[in-house]
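Biologist: Could you take me through this model? I would like to begin with strand pairing and then move on to other topics.

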Amino acid sequence: MKIVVCVKAVPGYVIEPRVSETGDRVNYKAGSIIMNESDEYALEEALALKKEFGGEVTVITAGSLSSQKALHVGLAKDADKAVRINTDFIDCGSLAKVLAETIKHLGYDLILTGVESSDNMAAQTGILIAERLGLPFAYAVTEVKRGGSPGTLTVTKELGGGVKQVLEITLPTLLCIQTGTTLLSYAPFRKVLQAQAKPVQSIAINELGINDELKKSPPFRIVDIFPPQRVSNAEIIDGNPSEVASVLIQKVREGV
Amino acid sequence: MKGNILVLSEQKEGELDNITYELLTKGRETADQWGTKLAVLVLGDNLDSLTKVLVSSGVDIVLVADHSILANYNTEVYCAVISEAVRDFKPSLFLLGYTYLGMEVGPAVATRLGVDITSNCVDLALSNGKVTVTRPMYSGTFHTKVEVEGGLPYIISFQKGALPRQVSSTKSASVVSVPVGIAESTIRSKVIDLLQVASGEIDLTKAEIIVAVGRGIGDRANIQMLKDLAGALGGTIACSRPVADMGWLPIEYQVGISGQTVAPKIYIACGISGASQHIAGMRDSSTIIAINKDPNAAIFSTAHYGVVGDLFEIVPALTEEARKSA
């Protein structure tokens, strides 16, 4: 099975974010660069499926050179190939277009993504890729198994409120993998170092032949960025732990 | 661009979900400012009673897609029907929830209409002829104000619980039937089962006192400390998503959009930062107590009582006090 996993390198935390002059992006200092959390689970799922079905796993990202860090993690965890599309797009629509085109060229049976990136928090890119490629998809997937009939997978996904749906879905398909589906493995430092020496295929946007479709500016203008205004209505209880405990337990007794 | 506004309704077991009322409130306000019409789209099977509720929910038009094929949610079918309904109605604004349904359907409908979607918003305002939304970035540590641009309709999804809910029931809407035409042979994903997370020994929704634990607990071994407090109070333990993800508590203990929605008399949040997904599952608790070492934690916006401090000091003191006064 040919599995492609879309991963994103995201800042662990950001310092001094500022809106660019044209309002098309936010510039910031990144505290660290990590692989987006749900993408880690997507990668883990891909490697597990490779063990069961055989085949190969390709990790792919769209971003600047620093985003290769996420690909190196993928290679260190035994992904077979790594591909980076060199771009500084930040809007989901453009990212999905370049990812979908690249994946089409690579070939695939199954595409895995995470559910939401921690930086943009939009939860769009996976499904936008599926739609562009005309694939059936499932979001917030917690389990992937061999399907009841050939060429299918049995997929469990969350519907919210503690309810899950089990689907039989025809390959090729795209699945957005939820966090917590499995325990994450850790790549030993030695393997991470080795991975950094492995080749990453770099693709320029104009190689994809979709320049006409890519917008020069995103479909939005960022006006401002600020820490969320939190109106705390909470009555703050001060004091040492036993003083605090005495007040709180009284509140509990009153409230029951 | 001041055209009609369409809201996607969500329901569960025949009752409208709160997100529907929240979207209708914002939709009504915006339609009144523009002097345009507000419509709501509802999908399902045997929708007579839901339609009746929607007709008097302050909207002008109720679009009803009533068909047996829509009885159970199938993403492919819902995406197809919703896309067609939006295409036919031609709204300027299409509002939906940043919910499981909206996260699946939103980007797909946008693609099919050849437009973009602005997702995960917490507010919408009109200024200088622009639609401006507020949405989180960077794990919610920042909010951005964003002017929506691009083609119509603007498709915008909102977090559950973010918008105020205040629906007038004075209007009487017209009802329009939406065609449901999809060939079953084209459907590539078949729903074979629905699983309710086993509540087993616990039913969080019936608990009067809940002691909830979040990422701040640091390690699985520390869960016992919270179990002790729950025990001393005669309550039950619960958790936020990261704790269940790490396998420290089974998923049936998880409170939030993906887990249980609870409204106990007492909810004690320990080491829970207060991500919107968690808040949506516990905001209706009668008394909310939050213990967190970060004074800026979002949980303090929802809590009635707050303690800024180390839960490893506070929780044992609480347990001792609870045992003393039991």
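Modeller: This is a predicted model. Phe137(A) stands opposite Leu174(A), a residue of β12(A).

Biologist: In which sense do β9 and β12 of chain A pair, and over how many bridges?

Modeller: β9(A), residues 137–146, and β12(A), residues 173–177, are paired in the parallel sense, with 3 bridges.

Biologist: What is the strand order of the open sheet?

Modeller: The order is β13(A)-β7(A)-β6(A)-β1(A)-β8(A)-β12(A)-β9(A)-β10(A)-β11(A)-β13(B), which makes an open sheet of 10 strands with mixed pairing. From one strand to the next, the twist averages 30°.

Biologist: Which strands does helix α2 of chain A lie across?

Modeller: Helix α2(A), residues 68–76, lies across β1 (2–6), β6 (56–63) and β7 (81–86) of chain A, and it runs at about 170° to β7(A).

Biologist: And which strands for α3 of chain A?

Modeller: Helix α3(A), residues 92–106, lies across β1, β6, β7, β8 (110–114) and β13 of chain A. Its direction is at about 150° to β6(A).

Biologist: What about the helices: at what angle do α4 of chain A and α4 of chain B cross?

Modeller: The axes of α4(A), residues 125–133, and α4(B), residues 100–113, cross at roughly 40° and come within 9 Å. That angle makes α4(A) oblique to α4(B). The crossing of α4(A) and α4(B) is right-handed.

Biologist: Which residues meet there?

Modeller: From α4(A) there are Ile127(A), Leu128(A), Glu131(A) and Arg132(A); from α4(B) there are Glu104(B), Pro107(B), Ala108(B) and Thr111(B). By class, this contact of α4(A) with α4(B) has 4 nonpolar, 1 polar and 3 charged residues.

Biologist: Staying with α4(B), at what angle does α3(B) pack with it?

Modeller: α3(B), residues 75–89, packs with α4(B) at an angle of about 50°, and their axes are 9 Å apart. That makes α3(B) oblique to α4(B), and the crossing of these two helices is right-handed. On the α3(B) side the contact is made by Thr75(B), Tyr78(B), Cys79(B), Ile82(B), Ser83(B), Val86(B) and Arg87(B), and on the α4(B) side by Glu104(B), Val105(B), Ala108(B), Val109(B), Arg112(B) and Leu113(B). The contact of α3(B) with α4(B) divides into 8 nonpolar, 2 polar and 3 charged residues. Glu104(B) and Ala108(B) belong to this contact and also meet α4(A).

Biologist: How many helices and strands are there in chain B?

Modeller: Chain B has 9 helices and 18 strands. Its radius of gyration is 22 Å, close to the 20 Å that the globule rule gives for 326 residues, so chain B is as compact as a globular protein of that length. The C-alpha trace of chain B spans about 65 × 50 × 35 Å along its principal axes.

Biologist: Now the backbone geometry. Where are the cis peptide bonds at Pro172(A) and Pro153(B)?

Modeller: In chain A, Leu171(A) and Pro172(A) are joined by a cis peptide bond with omega of about -5°. Pro172(A) is in the loop between β11 (163–170) and β12 of chain A. In chain B, the peptide bond from Leu152(B) to Pro153(B) is cis and has omega near 0°. Pro153(B) is in the loop between β10 and β11 (154–158) of chain B.

Biologist: What is phi of Glu16(A)?

Modeller: Glu16(A) has a phi near 50°, a positive value in a residue other than glycine. Most residues other than glycine have a negative phi. Glu16(A) is in strand β3 of chain A.

Biologist: Which strand forms a hairpin with β3(A)?

Modeller: β4(A) does, with 6 residues between the two strands, and Gly23(A) in the turn has a positive phi of about 75°. The strands, β3(A) at residues 14–19 and β4(A) at residues 26–30, run antiparallel and are joined by 4 bridges. Val19(A) stands opposite Val26(A) of β4(A).

Terms used:
Residues numbered from 1 in each chain as written. Chains lettered and ligands numbered in written order. Predicted model: local features only at pLDDT ≥ 70, side-chain atom pairs only at ≥ 80, totals over all residues. Axes fitted to C-alpha atoms, helices over the stretch in contact; angles between N-to-C directions. Parallel < 35°, antiparallel > 145°, perpendicular 65-115°, else oblique. Left-handed = near helix turned anticlockwise from the far one by under 90°. Contact = placed C-beta atoms within 7 Å. Nonpolar A, V, L, I, M, F, W, Y, C, P; charged D, E, K, R; others polar. Rg over C-alpha atoms; globule rule 2.2 N^0.38 Å. Pairing = 2+ DSSP bridges.
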